[in-house]
Amino acid sequence: MRKTILITGASSGLGAGMARVWAAKGHDLALTARRLDRLEALKAELEAAHPTIRVVVHALDVTDHEQVFAVVKRAADDLGGLDRVVVNAGLGKGARIGTGKFEANRETAETNFVAALAQCEAAMEHFYERRSGHLVVVSSVSAMRGMPSSMTTYAATKAGIALLAEGIRSDLVNRKGHDIAVTTVFPGYIASEMNDKVEQKPKGMVDTETGSRALVAAIDSEKPERIVPAWPWRPVAFLIRHLPLGIVRRMV
């Protein structure tokens, strides 16, 4: 079992949801996010419910790349090493390209891709040193295709990190003498703080707890890629990837 797990973006939504599921399964956790007060509250909740586990928290803005490396090292020291790192922190803001909202799109691109690259780099350095570990990259079903309007940059970044993870996985093929795995998860519509202000909830959206449990099950399997929840998102992902773009546009 991958005993010690670091989760970025763990102060709310799917990050906090996965932390609750893994805590109940007896894992020691390193939780990071910008909002330290929320992390402290989550730590108190988890330790009260599961007294045998260890939970450490660190404030982390993933766009501060030097801080990413420092926090991963501190968390590893805190827990005697990290068995799994979940690259989960991200942004969902954006606007249609060409509408003068470059700054919103840039912020999403830097957070979702460049910052994810820093997290992957820090995690893999640690795993190569230990010759063991599990890197998890949280992408999105929207990564299957170019998406319209406010989703364009977000989807592009999620496609980018999925390919980043695949490239890291490729480096491990036929590499002997290690126990390192790389998993990319592609969540469908799961309720979270990122989308709780959307007036019309998309069809097929599941609640945070259900989505978090599905994500944990997919990650624990250590398969290279998993779409979660499998129903209806596995067939939906197939359709998004293969249908004409005009039809895909109407589906999202």
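Figure 1. Seven strands make up an open sheet with parallel pairing, in the order 3-2-1-4-5-6-7. The edge positions belong to strand 3 (55–59) and strand 7 (225–228); each has a single partner strand, so one side of each lacks a neighbour in the sheet. On average, neighbouring strands are turned by 15° against each other, direction ignored.

**Figure 2. Pairing of strand 6 with strand 7.** Strand 6 (residues 179–187) runs parallel to strand 7, and four bridges join them. Pro 187 has Val 228 of strand 7 as its bridge partner.

**Figure 3. Helix 1 and helix 3 on the sheet.** Helix 1 (residues 13–24) packs on the sheet and touches strand 1 (4–8), strand 2 (28–33) and strand 4 (84–87). The direction of helix 1 makes about 165° with that of strand 1. Helix 3 (residues 65–79) also packs on the sheet, where it touches strand 1, strand 2 and strand 3. Its direction makes about 165° with that of strand 3.

**Figure 4. Crossing of helix 1 and helix 6.** The axes of helix 1 and helix 6 (residues 208–221) come within 8 Å and cross at roughly 65°; the two helices are therefore roughly perpendicular to each other. The crossing is right-handed. Residues of helix 1 in the contact include Leu 14, Met 18 and Trp 22, and those of helix 6 include Leu 215, Val 216 and Ile 219. By class, this contact has seven nonpolar, four polar and two charged residues.

**Figure 5. Confidence along the predicted chain.** The average pLDDT is 93, and 95% of the residues score at least 70. Over residues 197–201 pLDDT stays under 50, and the model has two contacts beyond four places in sequence for this stretch.

Note on methods
Residues are numbered from 1 along each chain as its sequence is written. This is a predicted model: local features need pLDDT of at least 70, side-chain atom pairs count only at pLDDT 80 or more; totals for chains, interfaces and linings use all residues. Side-chain values use heavy atoms; hydrogens and water are left out. Two strands pair if DSSP finds at least two bridges between them. Axes are lines fitted to C-alpha atoms, for helices over the stretch in contact, and angles run from 0 to 180 degrees between N-to-C directions. Contact means heavy atoms within 4.5 Å. pLDDT is the predictor's confidence in each residue, from 0 to 100. Angles under 35 degrees count as roughly parallel, over 145 as roughly antiparallel, 65 to 115 as roughly perpendicular and the rest as oblique. A crossing is left-handed if the near helix is turned anticlockwise from the far one by less than a right angle, and right-handed if clockwise. Ala, Val, Leu, Ile, Met, Phe, Trp, Tyr, Cys and Pro count as nonpolar, Asp, Glu, Lys and Arg as charged, and the others, Gly among them, as polar.
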